[in-house]
Amino acid sequence: MVGLKFPSNRTLGTICVYGAVASISAVMYMKWKMEDRVKSAEYYKLALKALRSHRGAVGLLGEPIKDSGIDLSNANNNCNAEEANCEVPVRGSKDKGTLFFWASNQPDRGWLIDRLELETKLNPDKRFLLKKSEELTFDLPESISKLPAQQVDSNVILSESDQQPETHSK
C-alpha cells in the first residue's frame, strides 16, 4: 500500500471555505432565479397591474407602487399550473403593506385574478378588498346573493362607484 500524505489543516480549511461559498452562492442564485420566474409570470403581473390601476389602492399607498418581490419560503405562497395564491409585500410613497391575490388558469381565457386584497401597515386590522370573483355569489342561495353586501356581512363596506376598496376586519 502506497502511503498517502494527508493534506494540512490549512488546506482542508481553505477547501471547506471555498466549498461553503460555492454552495451558498448556488442556493442564493437558485432562489433568485425561482423568484424571478414567479415575478415574470402572467398572474403576478396581472395582480400588480390591477393594484396599480385601482384608484382606492393608489390613494392608500401613494404612487409609485413598487413590489418587494415574493418570499418563496412563505407557506401561503403556492403556485402551480392551475392556481396561484400569493402574498406580495408592496410599498408606495404614503404606506406599505401586503397584496394578497388568488388567481386561476382557465384553459380558454388564460390566467384570471379571482380575488385581490390589500393590507396596509397604517390599517393593520383591515383588509381592503380590491377585486372579488364574480363566481363567489353563484353558490349562495338566491335570497342572500340579491342582498346588498352590508346586509350579508356588516364588516364589508362597498364603494364600487368611486372605486374605493371594500374593507373587512381580519
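This is a predicted model: local features need pLDDT of at least 70, side-chain atom pairs count only at pLDDT 80 or more; totals for chains, interfaces and linings use all residues.
## Burial and overall make-up

A residue counts as buried when its relative accessible area is under 20%, as exposed when that value is over 50%, and as partly exposed in between, using a 1.4 Å probe and protein chains only. Residues are numbered from 1 along each chain as its sequence is written, and side-chain values use heavy atoms, with hydrogens and water left out.

The protein chain has 5 helices and 7 strands, taken as DSSP runs numbered from the N terminus (helices: H or I, at least four residues; strands: E, at least two). Their order along the sequence is α-α-α-β-β-β-β-β-β-α-α-β. Of the contacts (heavy atoms within 4.5 Å) with a separation of 6 or more, 46% link residues 24 or more positions apart. The chain exposes about 11700 Å², with 55% of that coming from carbon and sulfur atoms; the area is a Shrake-Rupley value with a 1.4 Å probe.

## The annotated stretch

An unreviewed UniProt entry annotates residues 12–30 as "transmembrane region"; such annotations may be inferred rather than shown by experiment. In the model, residues 12–30 are 100% helix and 0% strand, and the end C-alpha atoms sit 27 Å apart.

Cys-16 has a relative accessible area of 54%, so it counts as exposed.

How many disulfides does a search of the whole structure find? The count is 0, where a disulfide is a pair of cysteine sulfur atoms within 2.5 Å. For Cys-86, the nearest cysteine sulfur belongs to Cys-79 and is 3.7 Å away.

## Ser-104 and its neighbours

Ser-104 belongs to strand E4, which runs over residues 96–106. With 11% relative accessibility, Ser-104 is buried. Its side chain makes a polar contact of 3.0 Å with that of Asp-114 (N or O atoms within 3.5 Å; within protein, one able to donate a hydrogen and the other to accept it, with sequence-adjacent residues counting only if both atoms are side-chain atoms).

Leaving aside residues up to four places away in sequence, Ser-104 touches Glu-82, Glu-83, Gly-110, Trp-111, Leu-112 and Asp-114.

## A cis proline

Going from Glu-63 to Pro-64, the peptide bond is cis, with omega near -5 degrees. Pro-64 lies in the loop between helix H3 (55–61) and strand E1 (66–67).
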